[in-house]
Amino acid sequence: MTARGKAEEFYIDNEADMVAFGERLGFAFRAQSDSLCVFLNGDLGAGKTTLSRGILRAFGHTGAVKSPTYTLVEEYNFSDRRVYHFDLYRLGDPEELEYMGIRDYFSAGNLCLIEWPQRGEGILPEPNVLIDIEAQADGRLIKITADISLV
Ligand SMILES: Nc1ncnc2c1ncn2[C@@H]1O[C@H](COP(=O)(O)OP(=O)(O)O)[C@@H](O)[C@H]1O
Ligand SMILES: [Mg+2]
């Protein structure tokens, strides 16, 4: 899907395809045994949670995915991996992540999906995968840069 270190662009024109695209990404993430930190950038309504739903589907989660806007993080336990879905929109101060014990989330082969990562700047680690989503016409333009190859 994307080569290591090289930004790639994809245009996805509807919600169902967004979920399917997320699922493809999810399978690539699943194939990695190391911990992975994925930043999801984009305005409100860009499609970050929709893409996360697709990623989670690759691990076998078929239900709804709620935005952890107030709880900041939602945990999903799968047989082969833990996935933490963050939404830091309402994070007041990046320091709050320290009190949450943020470092523990980025270990043990966990996958962390982070919406609004800029709110945690200075505390969050560097991402392995950076995803920018932008509304364009009726669909979304997705730009991905990764330090792993996502085939
Ligand atoms: N590729 C796409 N094309 C068109 N609409 C999309 C696409 N992806 C998501 N959407 C729509 O965008 C809206 C907002 O999505 P959401 O994932 O909640 O955004 P965010 O988490 O970035 O705030 C939803 O109504 C969803 O159906
Ligand atoms: Mg969201």
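This is a conversation about how the labels given to parts of this predicted model follow from its values.

Student: Let's start with the metal. What makes Thr-49 and Glu-115 ligands of the magnesium ion (ligand 2)?

Tutor: Their distances do. Thr-49 (OG1) and Glu-115 (OE) sit at 2.1 to 2.3 Å from the ion, and a donor has to be an N, O or S atom within 2.8 Å, so both qualify. Thr-49 belongs to helix α2 (residues 48–58) and Glu-115 to strand β5 (residues 111–115), so the pair ties together parts that are 66 residues apart in sequence. Both residues are buried, Thr-49 as well as Glu-115.

Student: Which residues come nearest to ligand 1?

Tutor: Of the 17 residues around ligand 1, the nearest are Glu-15, Gly-45, Lys-48, Thr-49 and Thr-50.

Student: And what makes the approach of Ile-12 to ligand 1 a polar contact?

Tutor: A polar backbone atom of Ile-12 is 3.0 Å from a nitrogen atom of ligand 1, and the limit for a pair of N or O atoms is 3.5 Å, so the pair counts. Asn-14 also has a backbone N or O atom 3.4 Å from a nitrogen atom of ligand 1. From Glu-115, a polar side-chain atom lies 3.3 Å from an oxygen atom of ligand 1.

Student: Back to α2. Why is this helix called largely enclosed?

Tutor: Because 9 of its 11 residues are buried, α2 is largely enclosed by the rest of the structure. Among the buried residues of α2 are Lys-48, Leu-51, Gly-54 and Ala-58. Just after α2, Gly-60 takes a positive phi of about 110°.

Student: Now the rings. Why is the pair of Phe-10 and Phe-21 called tilted?

Tutor: Their centres are 4.9 Å apart and their planes make an angle of 55°. Stacked needs under 30 degrees and edge-to-face over 60, so this pair is tilted. Phe-10 in strand β1 and Phe-21 in helix α1 are 11 residues apart, and their pair links distant parts of the chain.

Student: How do you know that Phe-10 is buried?

Tutor: Phe-10 has 17% relative accessibility and the cut-off is under 20%, so Phe-10 counts as buried. Phe-21, at 3%, counts as buried too.

Student: What makes Phe-59 and Phe-78 a stacked pair?

Tutor: Here the angle between the planes is 25°, with 5.4 Å centre to centre. Phe-59 is in the loop between α2 and β3 (73–77), Phe-78 in the loop between β3 and β4 (82–87), so the pair ties together parts that are 19 residues apart in sequence. Phe-59 counts as buried at 7% relative accessibility, and Phe-78 is buried at 17%. The whole structure has 6 aromatic pairs, and ring pairs also link Tyr-84, Phe-86, Tyr-105 and Phe-106 into a cluster.

Student: Finally, which residues have the most contacts inside the largest nonpolar core?

Tutor: They are Phe-29, Leu-51, Ile-131 and Ile-142, in a core of 30 residues. Among the elements that each supply at least two residues are β1 (8–12), α1 (15–30), β6 (129–136) and β7 (139–146). The largest share, 5 residues, comes from α1. Among the residues touched by Phe-29 are Leu-36, Ile-55, Leu-113 and Leu-150. Another core, of 17 residues, lies apart from this one and includes Phe-39, Val-73, Phe-86 and Trp-116.

Note on methods
Residues are numbered from 1 along each chain as its sequence is written. Chains are lettered from A and ligands numbered from 1 in the order in which they are written. This is a predicted model: local features need pLDDT of at least 70, side-chain atom pairs count only at pLDDT 80 or more; totals for chains, interfaces and linings use all residues. Side-chain values use heavy atoms; hydrogens and water are left out. Donors are N, O and S atoms within 2.8 Å of the metal (3.2 Å for Na, K and Ca); water is not among the atoms, so sites may look incomplete. Helices (H or I, at least four residues) and strands (E, at least two) are DSSP runs, numbered from the N terminus. Buried means under 20% relative accessible area, exposed over 50%, partly exposed in between (1.4 Å probe, protein chains only). A nonpolar core is a set of buried Ala, Val, Leu, Ile, Met, Phe, Trp, Tyr and Cys residues joined through side-chain atoms within 4.5 Å. Contact means heavy atoms within 4.5 Å. Rings of Phe, Tyr and Trp (its six-membered ring) pair if their centres lie within 6.5 Å; planes under 30 degrees apart count as stacked, over 60 as edge-to-face and the rest as tilted. A residue is near a molecule or strand if one of its heavy atoms lies within 4 Å of it. A polar contact is a pair of N or O atoms within 3.5 Å; within protein, one must be able to donate a hydrogen and the other to accept it, and residues adjacent in sequence count only if both atoms are side-chain atoms. Lists of a residue's contacts leave out its neighbours within four places in sequence.
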